[in-house]
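This report describes selected strands and surface patches of one protein model. Please examine the sequence and the structure before reading on.

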Amino acid sequence: MKATSKSSSTWRVSFTYIFALCIFSFSLGLFFSNSYNLASRHKHDQTIKLSYEDCASDNQNPQEGKGIMAHVRKNQKAILSLDKKMDAIKTKLKEDQQDDDREEEEEEEEEERLNSMTTSSNALSSGNNTTGVHRQKVFMVIGINTAFSSRKRRDSVRDTWMPTGADLLKLEKERGIIIRFMIGHTATGNGVLDQAIDDENAQHKDFLRLDHVEGYLELSAKTKAFFCTAYAKWDAEFYVKVDDDIHVNLGMLSATLVRHHLKPRVYVGCMKSGPVLYQKGVKYHEPEHWKFGEIGNKYFRHATGQIYAISKDLAEYISVNQEILHMYVNEDVSLGAWFIGLEVEHVDDMSMCCGTEDCQRKLKEGDVCVASFDWKCSGICKSVDRMKDVHIRCGEGSAAM
């Protein structure tokens, strides 16, 4: 019994010792594990701290940074700077391209305008130039403004101061004086009135057909068409517009223009500056009267519409700029307006507007009139009936030429 008790006591002691040893070992292991973790965390914090200090130090001294972050920042700055430069270059290239596009568009528009004007001039030339190659060199071209209904007026002119047939051709060849009745066409261009003019022209061969639709309110356009057409067909020193109800002495007209043929940009006629008629319904009413200032103002100086002459360079100016010349309702005002801003010599020659009651007296005194008409009628009153009488009393005679 004693032996058994001793053995049992010894086992109890050993078990207690082992249990205590296990507890001690576990505690010791836990202690070392925590210590290791604390040391690792401390080391990690130190590493982060050092990295943070390096960053802070680099930010405070960017020029002295030698670490990787410093190189990264420099590269980033260089890239950003390069991006900005590239953006600036792209913007500049885009602006330059836009400028080039605008210049190219402007050049194309100008080229189209010039081509259009050239085409128009060529069309006029091909439509009226019998040679089709060169313009005939002459002294002056006289365009007599007429209408479809004015056959009797034309005949009264042919019977008096205008040569016909062989005499008309002789005047052209020997004196370089071209005389034509100028007229356009109807709206359709192939009506009875157009055919009548074609038949009359076949008989007399003294018409200049214009690319123009006839109409009373279209006289400015007709005048412009005449100068452009005549300039395209004939190389003349002067171009003269005449109404078909006035009397003209061709010798005196030639002598008058000869005195001015060496001058540049000459505009010859009876100069006036009448009132701008703003009242609706009156003859010569000016719809654009507001452009001439206050009510009661007068027009600028311009030649009266019955007859006037312009030199070659002014006819060329009209031909070149025909697309942009503004037209007022009164054709004589329109012509004066086209020249008002140019260096043009306005020759005020009162012999181009003699009264039919004065031309005979002046002729006897040796003061031959270029043209005669009645102011109250803007032409010879009842010209069909009186043209021959005026020609007898005021004509210069056949020897004048």
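In strand E4 (residues 234–243), which is mostly covered, nine of the ten residues are buried; buried means under 20% relative accessible area, exposed over 50%, and partly exposed in between (1.4 Å probe, protein chains only). Strands (E, at least two residues) and helices (H or I, at least four) are DSSP runs, numbered from the N terminus. The model is predicted, so local features need pLDDT of at least 70 and side-chain atom pairs count only at pLDDT 80 or more, while totals for chains, interfaces and linings use all residues. Residues are numbered from 1 along each chain as its sequence is written, and side-chain values use heavy atoms, without hydrogens and water.

| Pair | Bridges | Direction |
|---|---|---|
| E1 (residues 136–145) and E4 | nine bridges | parallel |
| E4 and E7 (residues 302–311) | five bridges | antiparallel |

Gln 136 has Trp 234 in E4 as its bridge partner, and Phe 238 stands opposite Ser 311 in E7.

Helix H2 (residues 68–128) holds Glu 105, and Ile 89 is also found in helix H2. Glu 105 belongs to a surface patch of negative charge, whose members include Asp 100, Asp 101 and Glu 108. Glu 105 counts as partly exposed because its relative accessibility is 47%. Ile 89 forms a nonpolar surface patch of about 280 Å² with Met 86 and Leu 93. Ile 89 counts as partly exposed because its relative accessibility is 46%.

Definitions and conventions. Patches are made of residues with over 30% relative accessible area and no salt bridge: like charges are joined within 9 Å, nonpolar side chains (Val, Leu, Ile, Met, Phe, Trp, Tyr) within 5 Å. Accessible areas come from the Shrake-Rupley method with a 1.4 Å probe; for residues, only the protein chains shown count as cover. A salt bridge is a side-chain nitrogen of Lys or Arg within 4 Å of a carboxyl oxygen of Asp or Glu. Lys and Arg count as positive and Asp and Glu as negative; His and the chain ends are not counted. The place of a charge is taken as NZ of Lys, CZ of Arg, CG of Asp or CD of Glu. Two strands pair if DSSP finds at least two bridges between them.
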